[in-house]
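Let's take a walk through this fold together, from its strands and helices to one of its pockets.

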Amino acid sequence: MKNPKSKFDFLFKILVIGESSVGKTCLLLRYTEDTFNASHLATIGIDFKLKELMIDDKLIKLQIWDTAGQDRYKSITKTYYKGSQGIVLVYDVTSMDTFEKIQHWIKQIENNASRNVKKVLVGNKCDKEERQVSTEQGQKLADEKGIKFFETSAKTNENVKEMFEYLTNEIFRNYEEKEESINIKKAKEDEEGHHKCCK
């Protein structure tokens, strides 16, 4: 969404989704505030944080939504897929159940989000030794879905910034391509209009 009246050039809405306790809030707080607290309370419904970054001399404002993973909140979060340009799909590498549930979340995206929404798959808590999901399993699923895969640790800050910035770049490139095709179309229409009026 372009916002010429504001001090930022673009506002992008990103959702962080996945099962409860996979570390969605921790990832969000690590990226937006550079803090980590392993014992925070579970998210109730929806919360969001803001983050600004520069891409190609454009100021991008990110509105990153932290969604509750519990079943009783899933109907609430459905409406928040609308208007989102990016989605972070998170599972916990120490929990096979959260990895298997990613398929459910992908269906939620397909049913509720825009067809052009950009996605990344994230295996969080990669600092822990008691793994149930291998890097290869995560990569295989991402390859099957045609999306980028990251393993992250909100605790150690591994790949957190890289993951969010990759996704933001993907959204921005998508906007650039759309704008370019609109400009090309407009230029062609202007040219055709010029030829018509000159005949």
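**A guided tour of the fold**

Start at V120, whose bridge partner in β6 is K148. This is a predicted model, in which local features need pLDDT of at least 70, side-chain atom pairs count only at pLDDT 80 or more, and totals for chains, interfaces and linings use all residues. Residues are numbered from 1 along each chain as its sequence is written, and side-chain values use heavy atoms, leaving out hydrogens and water.

The strands β5 (residues 118-124) and β6 (residues 148-151) pair in the parallel sense, over four bridges; pairing requires that DSSP finds at least two bridges between two strands. Together with helix α5 (residues 135-145), β5 and β6 make a right-handed β-α-β unit. Right-handed here means that, with the strands pointing away from the viewer, the path from the first strand over the helix to the second runs clockwise.

Now look at α5 itself. Its buried residues are G138, L141 and A142, where buried means under 20% relative accessible area, exposed over 50% and partly exposed in between, with a 1.4 Å probe and protein chains only. Viewed down the axis of α5, these residues fall within an arc of 100°, so they line one face of the helix; the arc is taken from the directions from the helix axis to the C-beta atoms. On the face turned away from that buried side you will find the exposed residues E136, K140, D143 and E144.

Stepping back, the protein chain has six helices and six strands. These are DSSP runs numbered from the N terminus, with helices (H or I) of at least four residues and strands (E) of at least two. From the N terminus on, the order is β-α-β-β-α-β-α-α-β-α-β-α. Of the 199 residues in the chain, 46% are buried.

Strand β3 (residues 58-67) deserves a stop: nine of its ten residues are buried, so β3 is largely enclosed by the rest of the structure. Seven bridges join β3 to strand β1 (residues 10-18), and the two run parallel. Within this pairing, F10 has I60 of β3 as its bridge partner.

Finally, visit the second largest pocket. Its lining includes L89, R115, V117, K119 and K145, and helix α4 (residues 102-112) gives the most to that lining, with three residues. A pocket is an open set of points on a 1 Å grid over the protein atoms alone where a 1.4 Å probe fits, with protein on both sides within 12 Å along at least five of seven lines; lining residues have an atom within 4 Å of a point.
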